[in-house]
Amino acid sequence: MRPAAQTTQQRGGIDSGRDFLHLAAILETQLLWPDEAAAQASAERLASALLPAPDAVIELHGPLGAGKTTFVRLLLRVLGVAGRIKSPSYAVMEPYDLPAGGTASHFDFYRFGDPREWEDAGFRDVFAAPGLKLCEWPEKAAGQLPPADLQLFIDLLPDDTRRVRAVGSARLVEALA
Ligand SMILES: Nc1ncnc2c1ncn2[C@@H]1O[C@H](COP(=O)(O)OP(=O)(O)O)[C@@H](O)[C@H]1O
Ligand SMILES: [Mg+2]
């Protein structure tokens with residue numbers, strides 16, 4: 001039996017909450033970012049797996065200052081976004097057109113509280129449409145978010161190195177590994 005099919009079978013009996021990614025083959029790898037250049041290298045590898053038409057939900061987990069926004073900025077830059085990339089913490093979402101085609105949406109759910117906002121702000125439509133969705137503080141919108149294609153769990157070590165656990169679809173995790 002192929003590993004992917006095996007994985008699906010193993011997961012078959014599990015109640016499929018959003019903690020369980022919807023893809024058949026789930027991989028995990030660990031990365032170390034001693035500096036932003038290392039994060040940049042990961043952004044480049046991830047971008048090459050996302051192109052030509054980025055369509056994925058990527059969650060960025062980690063405490064304040066972990067480097068979530070920084071990684072999103074690096075990734076959007078690699079994908080060709082020019083101009084200012086501001087943190088969406090107040091607006092919750094910042095939309096971008098990608099020069100190669102398609103869209104990216106950068107979310108920061110830190111201040112997201114009211115589930116009605118999900119409808120009112122049009123987030124349901126954004127997640128129903130193709131495009132790249134980059135989500136900071138996804139745990140604050142856990143009841144609304146669809147399953148992720150990639151989850152990055154960023155830990156800030158005492159020497160400022162970022163230790164990152166990447167969990168998700170084989171395509172994206174293998175690109176990062
Ligand atoms: N990979 C990294 N290596 C070194 N410094 C980083 C890295 N990522 C972020 N930083 C620094 O940490 C600070 C906080 O990063 P930020 O991306 O705003 O965190 P978050 O969005 O997780 O709260 C920034 O000032 C940035 O310069
Ligand atoms: Mg941030």
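**Confidence first**

I checked the confidence before anything else: mean pLDDT (the predictor's confidence in each residue, from 0 to 100) is 88 for the chain, and 86% of its residues reach 70 or more. Residues 1-17 are another matter, with pLDDT below 50 and 10 contacts in the model beyond near neighbours in sequence. A contact here is two C-beta atoms, placed from the backbone, within 7 Å. Where pLDDT is low, the predicted coordinates should not be read in detail.

Ground rules for myself: this is a predicted model, local features need pLDDT of at least 70, side-chain atom pairs count only at pLDDT 80 or more, and totals for chains, interfaces and linings use all residues. Residues are numbered from 1 along each chain as its sequence is written, while chains are lettered from A and ligands numbered from 1 in the order in which they are written.

**Overall layout**

I looked up 6 helices and 7 strands in the chain. These are DSSP runs numbered from the N terminus, H or I of at least four residues for helices and E of at least two for strands. From the N terminus on, the order reads α-β-α-β-α-β-β-α-α-β-β-β-α. Buried residues make up 33% of the 177 in the chain. I call a residue buried if 20 or more other C-beta atoms, placed from the backbone, lie within 10 Å of its own, exposed if 12 or fewer, and partly exposed in between. Of the contacts with a separation of 6 or more, 66% join residues 24 or more positions apart.

**Around ligand 1**

Which residues are closest to ligand 1? The shell has 15 residues, and A39, G67, K68, T69 and T70 are the closest. To be near the ligand, a residue needs its C-beta atom, placed from the backbone, within 6 Å of it. Two elements give two or more residues to this shell, α2 (36-50) and α3 (68-78), and α3 gives the most, with 3.

I then followed α3 inward. K68, F71, V72, R73, L74, L75 and L76 of α3 are buried. The cover over the buried residues of α3 includes α2 and several strands, among them β2 (56-61), β4 (103-108) and β5 (132-136). G80 follows α3 and has a positive phi, near 100°.

**A strand covered on both faces**

Next I went to β5, where 5 of its 5 residues are buried. L132, L134 and E136 sit on one side, K133 and C135 on the other. In a regular strand the side chains alternate between the two faces of the sheet.

What does β5 pair with? Strands pair if DSSP finds at least two bridges between them. I found 5 bridges joining β2 to β5, running parallel, with A56 opposite L132. β4 also joins β5 through 5 bridges, again parallel, and F107 has C135 as its bridge partner.

Most residues other than glycine have a negative phi, and most peptide bonds are trans. I noted the L51 to P52 bond as cis, with omega near 10°; P52 lies in the loop between α2 and β2.

W137, not a glycine, has a positive phi of about 55°, and is found in the loop between β5 and β6. D160 has a positive phi too, near 80°, in the loop between β6 and β7 (162-169). Buried or exposed, for W137 and D160? W137 is buried, because 21 other C-beta atoms lie within 10 Å. D160 is exposed, because it has 10.
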